[in-house]
Amino acid sequence: MKKLFFTLLVFAAVSFLFENNIKAQTSNSSPSLLRHIVMITFKQDAAADSIKALDNIYSGLSKNAAVKDFEMGVNISPRDSGMVKHVYVTTFASKDDMDNYKKTPLYKSLFKISLAVADDVTVADYWVKK
């Protein structure tokens, strides 16, 4: 009977330590990230220098302290053949960071250029889940 009691006591202690270790790892893990994706389909007659200027603004914005990561590229999907579509992906640690980023003068300058050259703009914001 003592062996059974001792075995159950050891099992309970190990289970308790294991559960606390998992909780500690979870609470110390980095918080979710917020992704802001902008996909711009350019007009057929959009000037290359205007598109380049837009790319340069996004590159400049990527240096903002609120930005955790930034990627950009040209869509190569065969589903959108014949259309020039650039994709800009900006990652933030919080919604406040994204909101503050959107208040900067450089961000606001995007609209002046994009309205003149964009045929369509798609925006998606989501919390990253892995």
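Against which strands and helices do the buried residues of H2 pack? In this predicted model, local features need pLDDT of at least 70 and side-chain atom pairs count only at pLDDT 80 or more, while totals for chains, interfaces and linings use all residues. Residues are numbered from 1 along each chain as its sequence is written, and side-chain values use heavy atoms, with hydrogens and water left out.

Helices (H or I, at least four residues) and strands (E, at least two) are DSSP runs, numbered from the N terminus. Helix H2 runs over residues 48-61, which makes 14 residues. From first C-alpha to last, H2 reaches 20 Å, close to the 20 Å expected at 1.5 Å a residue; the expected span is 1.5 Å times one less than the number of residues. Its buried residues (under 20% relative accessible area; 1.4 Å probe, protein chains only) are Ile51, Leu54, Asp55, Ile57, Tyr58 and Leu61. They lie on the same side of H2 because they cover an arc of only 155 degrees around the axis, taking the directions from the helix axis to the C-beta atoms. On the other side, Ala48 and Asp49 are exposed, a word that stands for over 50%, with partly exposed in between.

Now for the opening question: the buried residues of H2 pack against strands S1 (34-42), S2 (67-74) and S3 (85-92), and against helices H3 (95-102) and H4 (105-117). Contact here means heavy atoms within 4.5 Å.

Leaving aside neighbours within four places in sequence, Phe42 is in contact with residues including Ile51, Leu54 and Tyr88.

Aromatic rings come next. Rings of Phe, Tyr and Trp (its six-membered ring) pair if their centres lie within 6.5 Å; planes under 30 degrees apart are stacked, over 60 edge-to-face, and the rest tilted. The count comes to 4 aromatic pairs. Tyr101 and Tyr107 form a tilted pair, 5.4 Å centre to centre with 55 degrees between the planes. Tyr107 and Phe111 form an edge-to-face pair, at 5.5 Å and 80 degrees. Both residues of this second pair lie in helix H4, 4 residues apart, about one turn of the helix. Together, Phe92, Tyr101, Tyr107 and Phe111 form one aromatic cluster.
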